[in-house]
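Please look at the sequence and the structure below before reading on.

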Amino acid sequence: MVSTINTLSLFLSLLLLFSLSTAKTPPRPRAFLLPVTKDAATKQYVTVIGQRTPLVPVKLTVDLGQRFLWVDCENGYVSSSYKPVPCGSIPCKRSLSGACVESCLDPPSPGCNNNTCSHIPYNPFIRTSTGGELAEDIVSLQSTDGSNPGNFISKPGVVFDCAPKSLLEGLAKGVKGIIGLGNGFVGFPTQMSNAFRVPRKFAVCLSSSTTSRGVIFFGDSPYVFLPGMDVSKQLIYTPLLKNPVSTSGAYFDGEPSTDYFIGVTSIKINGNVVPINTTLLTITKDGKGGTKISTVEPYMKLESSIYNALTKAFVKSLARVPRVKPVAPFKVCYNRTSLGSTRVGPGVPPIELVLGSNKDAKSWTIWGANSMVAVNNDVLCLGFVDGGIEFEPTTSIVIGAHQIEDNLLQFDIANKKFGFTSSLLFGQTTCANFNFTSKA
């Protein structure tokens, strides 16, 4: 009898200890987030991450296709957890680096150490690159349940590249580097997936406002926007494509592109197919052609023959509406009052990007809010620009930042899928409607 009581007492004690231990261990976050703001002066999209020991807020410009995170190490980078990446190490090999600094002439410091892996940080706004030391340090991100922000969690060993202060030219005020969300082993999304053990996917929702924040999610959905709408349920999926040749302004031989390509097969305006040379929509063996998405290009850029065909069809669809004098860099402009307005922007014909073919074809529809640009209080212009003659531009279609504002885009790297919602304005919400206030 005494033995039974002791056994029962021991069992209850163990059960209590287990309950206490599980109560003290919060569930592992399924996602993390970054707020994103549109800079009024440069139209760049900027965010802030925590980095280093002690943690410092680092303001960065968002580049969807760039291969990795790079920051200015020349001007006051101080961190006790900074570690240069050695030549020949696994992180160095995964970065596809083609260079090694065997001896740095200056005293050892962040950005200058012997026998370190070197890479090429690139500034797309001034089209300039330099050599930079690859390194690792702590990064801190805020967790989320998809509806509200949660705790900040820090992880060591996140790879980034050191750049000189001169590479900051052309970036928004206060920015200290670029956060590269590119599709590669050292791209920020893949590193966040590995560091925080979340799915290898991320979602981007850019606000069209310069006073309200959009959001980037790393990890799993839901993506809930006020008034309580999970917009992940609206996602339509199409394959993510890989370009075998780098489309960066600076790269090592043999590097594939880290940009995100999708399979546009035709373009429609008001439901009518625009007559274009569809061979330009295929990615060639030498990396030309195809369609990619960019947060660096402010407006959709089209190869000249595609641009001419699209603008001709657009003008024809609005034949009864008089045009006004164009405002550079745009060529097709109208008086605002002559177009009217709808829930999804100016009253103009929808432009469809047809993705895939036959029964699997999907349409990403660009409505007036994303096709037209207000150049002043009175004039609206078609927000597409001429990218150059056939095969002069590397990529035939670059979907610019203006076209993706207030659209939720999901990049499922692990499953090679791209999800899109088209305009959230149809659902009476926007990318500025994520609730950054923590739950009470």
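The text below goes through disulfides, aromatic rings, a helix and a sheet.

This is a predicted model, in which local features need pLDDT of at least 70 and side-chain atom pairs count only at pLDDT 80 or more, while totals for chains, interfaces and linings use all residues. Residues are numbered from 1 along each chain as its sequence is written, and side-chain values use heavy atoms, with hydrogens and water left out.

**Disulfides**

A disulfide is a covalent bond between the sulfur atoms of two cysteines. Here a disulfide is taken to be a pair of cysteine sulfur atoms within 2.5 Å, and the count by this rule comes to six. If the bonded cysteines of the protein are numbered in sequence order, the pairing reads 1-8, 2-4, 3-7, 5-6, 9-12, 10-11.

| Pair | S to S distance | Torsion about the S-S bond | Handedness |
|---|---|---|---|
| Cys73 and Cys162 | 2.0 Å | -65° | left-handed |
| Cys92 and Cys117 | 2.2 Å | 80° | right-handed |
| Cys104 and Cys112 | 1.6 Å | about -105° | left-handed |

Helices (H or I, at least four residues) and strands (E, at least two) are DSSP runs, numbered from the N terminus. Cys92 in helix α2 (residues 90-94) and Cys117 in strand β7 (residues 116-119) are 25 residues apart; Cys92 is buried at a relative accessible area of 7%, and Cys117 is buried at 0%.

**Aromatic rings**

Rings of Phe, Tyr and Trp (its six-membered ring) pair if their centres lie within 6.5 Å, and planes under 30 degrees apart count as stacked, over 60 as edge-to-face and the rest as tilted. A search of the whole structure finds 21 aromatic pairs. In one of them, the rings of Tyr82 and Phe160 have centres 6.1 Å apart and planes at 75°, so the pair is edge-to-face. Tyr82 is in the loop between β4 (70-72) and β5 (83-84), whereas Phe160 is in strand β11 (residues 149-163), and the two are 78 residues apart. Tyr82 counts as buried at 12% relative accessibility, and Phe160 is buried at 0%.

One aromatic cluster is formed by Phe188, Phe202, Phe218, Tyr260, Trp364, Phe411, Phe418 and Phe420.

**Helix α3**

Where in the helix are the buried residues of α3? Helix α3 (residues 188-196) is mostly covered, with seven of its nine residues buried, and these are Phe188, Pro189, Thr190, Gln191, Met192, Ser193 and Phe196. Just after α3, Arg197 takes a positive phi of about 55°.

**A four-stranded sheet**

Strands of a sheet pair through backbone hydrogen bonds, either parallel or antiparallel. Two strands count as paired if DSSP finds at least two bridges between them. Four strands form an open, antiparallel sheet in the order β23-β24-β30-β29. β23 (323-324) and β29 (372-374) stand at the edges with a single partner strand each, so one side of each is left without a neighbour in the sheet. Three bridges join β29 to the antiparallel strand β30 (residues 379-382), and the bridge partner of Val373 in β30 is Cys381.

Terms used:
Buried < 20%, exposed > 50% of the residue type's maximum accessible area, 1.4 Å probe, protein only.
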